[in-house]
Every structure is written in structure tokens, then in C-alpha cells.
Amino acid sequence: MSAAVAAASAAANSGSRGNNSSGSSMMETNAVTQMPPSRYESQKRRDWNTFGQYLKNHRPPLALSRCSGAHVLEFLRYLDQFGKTKVHSPACPFFGHPHPPAPCPCPLRQAWGSLDALIGRLRAAFEENGGPPEANPFGARAVRLFLREVRDQQAKARGIAYEKKKRKRPPQNPPPVPAPPSSSIISHVHVTDLNATSGSQSRHGHRVPSAESEESVVMTSTDTRASMIPLSVLN
């Protein structure tokens, strides 16, 4: 009886240890998965909540499923009252001046870059929250045309040209210089070796006999002439 109780207590202890280990592993995995969101994700969440609050305050209240590109344009115009970018009117003396020397009564607007980034985040948030991509109001043609119009208007009013950043291409390495053919090297070495073994020197690719060879030639010619002298002269 005591042996059975001991076995049961041991099994209970092992089970509790297994549960503790599994619980600690689950806590570790949750700690790993629950990482703080990035700055982009946090801003996207705030923008999505702001747009949802705008739809609730709309008169009459507007559901997300009935939202269209026209409602998105209304939302962008609504945000202009919180803008901080001075956009000069054509009648302003500082129209087209990038750095006006004095203040003017022109209104403050949302900058084109801020609106463009906002639409990009809301477009992604709409699809992440179950919206179909083909019915995305933030990707409507009217919204794209509005952003292009705002960009051109602010570029003229502020005297700032908005250009796309070009990617810098890595510098290309110059082509390698081809090595001289091996046949010419071998032939040059062969000629030099022949000249060295024959005891003569090479000048501009021609063989020139050495001094020893010239002496041998003179001696040979002298001996030949001496052998050809007639007997009458010797007498």
C-alpha cells in the first residue's frame, strides 16, 4: 500500500514538473512573439483609428463598407485645418518663393508628402482589417488624381520641385586588361636562348656575331689566302 502511494506521489510530482516546464515555455514564446510594434505599425494603427472616428462623427454616420473615394477626399480636406505647411495663393507676393522673408495671411495646409504617406498607410490598414483590395477606397482613381493635384499646386506655390529619389547604382569595375598571348613570350624566349647558346648578340631582332666568331672567320680567311699564294712569289 505504501509502495502504491509512493508511486502515485512520484507520478504527481513528475506531472507537476511537466506542467511547470510547459507553462514556462509558453510564457517564453509569448514574450518572444509579443514584441513592441514598429513606428510604422503604430502610426498606421493611429491613422486607422482616426479615420474610424471620422466615420462615426460623420453626418449621417457612415459605415466602412459604404465608404468610397469621395468620402476619402472629404477626410483629406478635413485634415487641412490641422496642417502646418504654408501654401501661398497666386495673389501672394511670396508665391513660388521657397523662403519668404516675411509672414503672409496665406492658409496652412497638410503637406503633400504627409497626405501621400497617410493614404499609403490607410490603404494597407483597410486590407489588413478584412477589406477587399478591389473595393479599397484609398486606392481609387479620384484619390490619386487629388494627390497629384495637391503635389503640383504646392510645388508651384512653395517653389519646391517634388522629384522621385533615384537609386544610386553601384560603380562598375573597369574591364580587366587582357594578358599578352603566351605564344609571343615563348617565341621571344626561344630566340634569346638560341642567341645565348650560339655565342652571338641580338640587336633589334637580328643575330650579330661576337668577337670570337669574327676572329675565327679572319683566321680562316687568312689561312686560305696563304695557302693560295703561288710558288714563284715564295721563291
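Asp-47 and Arg-121 are both buried, a label for residues under 20% relative accessible area, with exposed meaning over 50% and partly exposed the range in between (1.4 Å probe, protein chains only). The model is predicted: local features need pLDDT of at least 70, side-chain atom pairs count only at pLDDT 80 or more, and totals for chains, interfaces and linings use all residues. Residues are numbered from 1 along each chain as its sequence is written, and side-chain values use heavy atoms, leaving out hydrogens and water.

**Salt bridges**

Asp-47 and Arg-121 form a salt bridge. The term means a side-chain nitrogen of Lys or Arg within 4 Å of a carboxyl oxygen of Asp or Glu. Asp-47 sits in helix H2 and Arg-121 in helix H4, so this pair ties together parts 74 residues apart in sequence. Helices (H or I, at least four residues) are DSSP runs, numbered from the N terminus.

The count of salt bridges comes to four. Among them are these:

| Pair | Closest N to O distance |
|---|---|
| Asp-47 and Arg-121 | 2.5 Å |

**The network around Lys-44**

Glu-41, Lys-44 and Glu-128 are linked in a network of salt bridges. Lys-44 is buried, at 3% relative accessible area. Glu-41 is partly exposed, at 32%. Both residues lie in helix H2 (residues 39-57). They are three residues apart there, about one turn of the helix.

Glu-128 is exposed, with a relative accessible area of 53%.

**Packing of H3 and H5**

How do helix H3 and helix H5 pack, and at what angle? Helix H3 (residues 69-79) and helix H5 (residues 141-158) pack at about 30 degrees, their axes 8 Å apart. Axes are lines fitted to C-alpha atoms over the stretch in contact, and angles run from 0 to 180 degrees between N-to-C directions. H3 is therefore roughly parallel to H5, the term for angles under 35 degrees.

From H3, the contact (heavy atoms within 4.5 Å) is made by Gly-69, Val-72, Leu-73, Leu-76 and Arg-77. From H5 come Ala-142, Val-143 and Phe-146. By class, this contact has six nonpolar, one polar and one charged residues. Ala, Val, Leu, Ile, Met, Phe, Trp, Tyr, Cys and Pro count as nonpolar, Asp, Glu, Lys and Arg as charged, and the others, Gly among them, as polar.

Methods: Helices (H or I, at least four residues) and strands (E, at least two) are DSSP runs, numbered from the N terminus. Angles under 35 degrees count as roughly parallel, over 145 as roughly antiparallel, 65 to 115 as roughly perpendicular and the rest as oblique.
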